[in-house]
Amino acid sequence: MWQQFQTTSGFGNDLVAGAALVNLMKTQNDPRLSQYFGTAPKGGYGGFDATTGTTDVSTVSPLAGGRASDPTFSQPIITYDENQLIIAESAFQGGDKATATTALNAVRARYTKLAIANPTLADIMAEKYIALFQNPEVWNDYKRTCLPALKPVVGRTVIPGRFLYGQTEAQTNPQPQTSSDDIFARRNANDPKSCQGA
């Protein structure tokens with residue numbers, strides 16, 4: 001899926017690694033870094049920092065070179081890792097720290113990462129943030145938990161809580177607005193509160 005998008009779409013080449021994910025993976029010495037991204041023009045792995053918008057593009061990793069270059073790659077939809085991290089989060093939120101620890105460390109062990117003896121919710125959600133790369137469900141996790149602690153892009157005070165409605169929806173549904181719709185301020189009725197307070 002991503003390989004076709006990356007190679008047949010002019011927009012696909014504009015997608016690059018983000019600094020938040022790359023820095024988290026580098027801090028944890030996560031071996032999936034080379035699976036997710038290609039090397040930057042200056043070598044190594046780096047991400048574009050959208051909170052400043054000033055990253056030297058020669059230090060930014062493309063998606064091409066990782067999964068996005070493999071036409072045979074099967075994009076995961078639901079995985080063992082995600083299920084274990086759902087168990088970890090739900091157990092943690094329910095006060096069962098032992099089950100949460102076991103489930104989190106089962107995933108970490110698969111990638112030769114050290115076990116965490118007393119994990120926090122932030123530890124669990126950071127692992128899930130890495131595991132759900134290219135899966136939009138990670139955005140829902142963020143909106144629910146505000147973890148990992150992400151920052152909005154330069155010039156904005158909040159991270160969007162929803163997508164814009166498409167033109168066909170706006171034509172048949174009087175509720176959505178398109179030209180004046182503000183995805184940063186307007187929330188859907190069932191959205192959790194914005195992590196940045198909007």
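**Pocket and cores of a predicted model**

The largest pocket in this predicted model has a volume of about 1600 Å³.

Trainee: Which element gives the most to the lining of the largest pocket?

Mentor: The lining comprises 42 residues, and Gly18, Ala20, Tyr129, Val138 and Leu150 lie nearest the pocket centre. Two or more lining residues come from each of α2 (19–27), α6 (121–131) and α7 (137–145). With five residues, the element that gives the most is α2.

Trainee: How many residues of that lining are nonpolar?

Mentor: The lining of the largest pocket divides into three classes. Three of its residues are charged and five are polar, while the nonpolar residues number 34.

Trainee: Is Arg108 buried or exposed?

Mentor: Arg108 belongs to helix α5, residues 97–110. Beyond its neighbours within four places in sequence, Arg108 is in contact with Gln28, Lys113, Leu114, Ile116 and Glu127. Its relative accessible area is 8%. Because buried means under 20%, Arg108 is buried.

Trainee: Which element gives the most to the largest nonpolar core?

Mentor: That core has 16 residues, and those with the most contacts inside it are Leu21, Met25, Tyr36, Phe37, Ile130 and Phe133. At least two core residues are supplied by each of α2, α3 (33–36) and α6. The most, four residues, come from α2.

Trainee: Which residues is Met25 in contact with, leaving aside its neighbours within four places in sequence?

Mentor: Met25 is among the residues with the most contacts inside the largest nonpolar core. With those sequence neighbours left aside, the contacts of Met25 are Asp30, Arg32, Leu33, Tyr36, Phe37 and Ile130.

Definitions and conventions:
Residues numbered from 1 in each chain as written. Predicted model: local features only at pLDDT ≥ 70, side-chain atom pairs only at ≥ 80, totals over all residues. Heavy atoms only, no water. 1 Å grid on protein atoms, 1.4 Å probe; cavity = no way out; pocket = protein on both sides within 12 Å on 5 of 7 lines; lining within 4 Å. Points joined across faces, edges and corners; volume = space filled by probe spheres on them. Nonpolar A, V, L, I, M, F, W, Y, C, P; charged D, E, K, R; others polar. Buried < 20%, exposed > 50% of the residue type's maximum accessible area, 1.4 Å probe, protein only. Contact = heavy atoms within 4.5 Å. Core = buried A, V, L, I, M, F, W, Y, C linked by side-chain atoms within 4.5 Å.
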